[in-house]
Amino acid sequence: MGQQNVCYNQTMKVAVGSKNPTKIDAVRQAFTVVFPDETWEVIGIEVESGVSNQPMHDRISIRGARNRAKRSMKELKADFGVGLEGGLHKIGKNWFDSGWIVIRDKKGREGIGSSVKLPAPLQVMILINQGKELGEVIDIVFKADNAKQKEGNFGLMTKNAITRTSGYRDGVIAALSRFVHPHLFE
């Protein structure tokens, strides 16, 4: 079974379940790179994730991303819904920060991808365990101002070698693989 070429031949509306400009830009970049011959209208909308503000397990982050994808697609009557949900996950004794992405289309097909997993330092986890959200914590630790709307934890921890936008873009591209090769998932 060979690769099938996916071609939509019309402007496709993509709803992003966030108004965060870094997430919207990541989605726009990913759809454009993966489907360069298509025209994409990418729109952010604030929707509830249905999970805690600071997910502490990959399963919870995926659930939040899925909820955002479904809700944004429904609200905007879009062709695709994209949910992006950052969270922390413990592996052994170590905590890691990552973003999960769920993409859904009108047929109910779903692609899932993630960003890299970045180690979360003890200093960060102490503040998280005091009830703070990662976005607030990185502003405190790095003396930043609203970093989650800019370079994010990825950018601050890697001297912008990986930014929040680039990290999420790669996760969106991974989730889009389900739509690039639909025959492999059916």
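# Close-up views of a predicted model

View 1. Lysine 117 touches Asp58, His89, Ile91, Phe96, Asp97, Ser98 and Trp100, when residues up to four places away in sequence are not counted. The residue sits in the loop that runs between E5 and strand E6 (118-119), and lysine 117 is partly exposed, with a relative accessible area of 32%. Two polar contacts are made by the side chain of lysine 117: one reaches the side chain of aspartate 58 at 3.0 Å, and another reaches the side chain of serine 98 at 3.2 Å. Lysine 117 and glycine 167 are separated by 50 residues in sequence, while their C-alpha atoms are 9.6 Å apart in space.

**View 2. Aspartate 58 in helix H2.** Aspartate 58 has a relative accessible area of 12% and is therefore buried, given that the term applies to residues under 20%. Not counting residues up to four places away in sequence, aspartate 58 touches Leu88, His89, Ser98, Trp100 and Lys117. Its side chain makes a polar contact with the side chain of tryptophan 100 at 3.0 Å, and the side chain of lysine 117 makes a polar contact with that of aspartate 58, also listed at 3.0 Å. Aspartate 58 and glutamate 46 are 12 residues apart in sequence, yet the distance between their C-alpha atoms is 22 Å.

**View 3. Helix H2 and the strands it packs against.** H2 has 19 residues, and the distance from its first C-alpha to its last is 27 Å, close to the 27 Å expected at 1.5 Å a residue. The buried residues of this helix are Asp58, Ser61, Ile62, Gly64, Ala65, Asn67, Arg68, Ala69, Ser72, Met73 and Leu76. These buried residues pack against strand E1 (11-16) and against E2, E3, E4 and E5. In an α-helix there are 3.6 residues a turn, so residues three or four places apart point the same way. Just after H2, lysine 77 takes a positive phi of about 50°.

**View 4. Serine 49 in the loop between strand E2 (39-44) and helix H2 (58-76).** Serine 49 is buried, because its relative accessible area is 5% and the cut-off for a buried residue is under 20%. Leaving aside its neighbours within four places in sequence, serine 49 is in contact with Arg63, Gly64, Asn67, Arg68, Arg71 and Glu85. A polar atom of the serine 49 side chain lies 3.2 Å from the backbone nitrogen of valine 51.

**View 5. Helix H6 and its packing partners.** The 17 residues of H6 should span 24 Å at 1.5 Å a residue, and the end C-alpha atoms of this helix are 24 Å apart, which agrees. H6 is mostly covered, with 12 of its 17 residues buried. Among the buried residues are Arg164, Tyr168, Val172, Leu176, Phe179 and Val180. The buried residues of H6 pack against helix H1 (21-34), E3, E4, strand E5 (110-114) and H5.

View 6. Apart from its neighbours within four places in sequence, asparagine 153 is in contact with Asp97, Leu118, Leu134, Ile138 and Phe142.

**View 7. The largest pocket and its lining.** This pocket has a volume of about 620 Å³. Its lining consists of 32 residues, of which Lys23, Asn53, Glu133, Lys148 and Arg164 lie nearest the centre. The elements that give two or more residues to the lining are strand E3 (80-91), strand E4 (94-105), helix H4 (134-141), helix H5 (152-158) and helix H6 (164-180). By class, the lining has 7 nonpolar, 15 polar and 10 charged residues. Arg164, one of the residues nearest the pocket centre, is also among the buried residues of H6.

Conventions: Residues numbered from 1 in each chain as written. Predicted model: local features only at pLDDT ≥ 70, side-chain atom pairs only at ≥ 80, totals over all residues. Heavy atoms only, no water. 1 Å grid on protein atoms, 1.4 Å probe; cavity = no way out; pocket = protein on both sides within 12 Å on 5 of 7 lines; lining within 4 Å. Points joined across faces, edges and corners; volume = space filled by probe spheres on them. Helix = DSSP H or I, 4+ residues; strand = E, 2+ residues; numbered from the N terminus. Nonpolar A, V, L, I, M, F, W, Y, C, P; charged D, E, K, R; others polar. Buried < 20%, exposed > 50% of the residue type's maximum accessible area, 1.4 Å probe, protein only. Polar contact = N/O pair within 3.5 Å; in protein donor to acceptor, adjacent residues only side chain to side chain. Contact = heavy atoms within 4.5 Å. Expected span 1.5 Å × (residues − 1).
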